[in-house]
Amino acid sequence: MTAMLELRRVSKVYGSGPSRVQALCEVDLTVDGGELVAVMGPSGSGKSTLLTIAGSLEELSAGEVLVDGSALAGMTRNQRARLRRRLIGYVFQDFNLLAGLTAVENVALPLELDGLGQHAARAAGVAALDELGLADQADRFPDELSGGERQRIAIARAVVGDRRLLLADEPTGALDSVNGEAVMRLLRAACKRGVAGVVVTHDAQLASWADRVVFLRDGRAVDQTARPPGPESLLAPRPGR
Amino acid sequence: MSVRHALLALLSEGPKYGLQLRQEFESRTGEVWPLNVGQVYTTLQRLERDGLVESDDPEGDGPQKGFRITPTGGRELAEWLRTPPDTVAPPRDELVIKVLVALPVPGVDVHEVIQVHRRHLVELMQHYTHVKAEASDRDVGLALVVDAELFRLEAVVRWLDAADARLTSLPAASPVATSAAPARRHRLEVRP
């Protein structure tokens, strides 16, 4: 099976001389479809850089990034932009919805930008909202929605059409714990349907929704959790006890 | 956790049998704290002795014996619900001690020690989150118990993160010199 996202010995350096900063150092990361991976680390550990490099929004200094088996290095700028529009969805802490568009228009927008007709894009937008249980909010504007509802719309936008890689940067950072949990349930549900998800965070509660947690420190992936036990062992004694 | 007061709370809803109390206790606490029948009956006997519950047959025994809460038991329950738990003195925390002890040990990287514990705690949190994610929305007891454990574990992870950052920011030449006594030490009383 081809991994949806693969980072091979990825390094990123900003600046040079005395102002040189090594943001990432030889990071390896593989995420399969259907898997939700959290990258956890303190501020300045390289989490956001890792996410922007994985989403081809930033150049790397060394190493290789493959999305759905294709190396980004071999692509032209236009090919990369096309791959971003078609395959990759982004979720940010501050939602980034366009205020003048309804929920479904926001969700359909990436498809329209990619050349899909308005009706087809809207139908796909409605389908994405419906899949995530948000169909009743389709015609509401962002300022009519709560923070939690806005972030759920942003997740629908991130997985609309055939997007198969979802990249989220502190997606619950602006939400209380109840709304944060609802957002993570939705992200988890999207991944259960086959999307590969990467969430970067400093928050252990958010990270605990992931199938696997990778720990980043000073730009290096220093550790990761084992896969959590399946449902059959939920009533078994807790690990380490 | 007070089994005694949990049983009083269940009896405040109306008279119940011992076995029924055990089942309701377990289901309402998300089946996280299993309770054996012997423990239930021993506790009920003590509650009866103290006048906090009464049975329909004080001389009788066995599963068909019903219990109800007394007015004294009701007052005891109301007072217990509003009494803060013992959180005044910090507990003697094994993890804090491990990190403190690791500091001066030659060849031990305290950041690596911290990371081992951080990973273990996050794995535990994944376990609990997985339990919550798979549970029915209506299982409120389970969600409350799991949330309590998640918030507790999260607090420990945050302490590790803070400790990690605090130790990183120390100048290289000044490891935490446990021998260099500060001019004045503050003492924290801890629970044994």
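This is a predicted model: local features need pLDDT of at least 70, side-chain atom pairs count only at pLDDT 80 or more; totals for chains, interfaces and linings use all residues.
**Helices 3 and 4, chain A**

I started with helix 3 (residues 103-113) and helix 4 (residues 118-131) of chain A, whose axes come within 8 Å and cross at roughly 125°. I have put helix 3 of chain A down as oblique to helix 4 of chain A because of that angle.

I looked up the hand of the crossing of helix 3 and helix 4 of chain A, and it is right-handed. Then I listed who meets whom. From helix 3 of chain A I have A:Ala103, A:Val104, A:Val107, A:Ala108, A:Leu111 and A:Glu112. Facing them in helix 4 of chain A are A:Gln118, A:Ala121, A:Arg122, A:Ala124, A:Gly125, A:Val126, A:Ala128 and A:Leu129. Sorted by type, the residues of this contact come out as 10 nonpolar, 2 polar and 2 charged.

**Helices 5 and 6, chain A**

Next pair. How do helix 5 and helix 6 of chain A cross? Their axes come within 9 Å, and the crossing angle is roughly 15°. I therefore call helix 5 of chain A roughly parallel to helix 6 of chain A. The crossing of helix 5 and helix 6 of chain A is right-handed.

My tally for the contact of helix 5 with helix 6 of chain A reads 7 nonpolar, 4 polar and 1 charged.

**The six-stranded sheet, chain A**

I traced the strand order of an open sheet in chain A and got 6-7-8-3-9-10, with mixed pairing. Which strands stand at the edges? They are strand 6 (88-91) and strand 10 of chain A; each has a single partner strand, so one side of each has no neighbour in the sheet. The twist averages 20° from one strand to the next.

Strand 9 and strand 10 of chain A run antiparallel and are joined by 4 bridges. A:Leu216 has A:Ala221 of strand 10 of chain A standing opposite.

Then I checked what packs on the strands. Helix 5 (residues 147-159) of chain A packs on the sheet and touches strand 6 and strand 7 of chain A, its direction making about 165° with that of strand 6 of chain A. Helix 1 (residues 47-54) of chain A lies across strand 3 (36-40), strand 7 (165-169), strand 8 (196-201) and strand 9 of chain A. I read its angle to strand 8 of chain A as about 155°.

**The hairpin, chain A**

Strand 1 (residues 5-14) and strand 2 (residues 21-31) of chain A run antiparallel, with 7 bridges between them. I picked out A:Val10, whose bridge partner in strand 2 of chain A is A:Val27. The hairpin of strand 1 and strand 2 of chain A has 6 residues between the strands, and A:Gly15 in this hairpin takes a positive phi near 70°.

**Where chain A touches chain B**

I counted 21 residues of chain A in contact with 19 residues of chain B. Which elements of chain A give two or more residues to that side? Helix 6 (177-192), helix 7 (204-207), strand 9 (212-217) and strand 10 (220-224) of chain A do. Helix 7 of chain A gives the largest share, 3 residues. The side of chain A that touches chain B sorts into 13 nonpolar, 4 polar and 4 charged residues.

**Chain B**

Strand 1 and strand 3 (residues 66-69) of chain B pair over 2 bridges in the antiparallel sense. B:Tyr17 has B:Gly66 as its bridge partner in strand 3 of chain B.

Last entry, domains. The domain assignment of chain B gives domain 1 (3-81) and domain 2 (94-168). I put their C-alpha centres 35 Å apart. In chain B, 5 residues of domain 1 are in contact with 5 residues of domain 2. The side of domain 1 of chain B that touches domain 2 of chain B has 1 nonpolar, 3 polar and 1 charged residue.

Conventions
Residues are numbered from 1 along each chain as its sequence is written. Chains are lettered from A and ligands numbered from 1 in the order in which they are written. Domain bounds come from an automatic or database domain assignment. Two residues are in contact if their C-beta atoms, placed from the backbone, lie within 7 Å. Ala, Val, Leu, Ile, Met, Phe, Trp, Tyr, Cys and Pro count as nonpolar, Asp, Glu, Lys and Arg as charged, and the others, Gly among them, as polar. Two strands pair if DSSP finds at least two bridges between them. Axes are lines fitted to C-alpha atoms, for helices over the stretch in contact, and angles run from 0 to 180 degrees between N-to-C directions. Angles under 35 degrees count as roughly parallel, over 145 as roughly antiparallel, 65 to 115 as roughly perpendicular and the rest as oblique. A crossing is left-handed if the near helix is turned anticlockwise from the far one by less than a right angle, and right-handed if clockwise.
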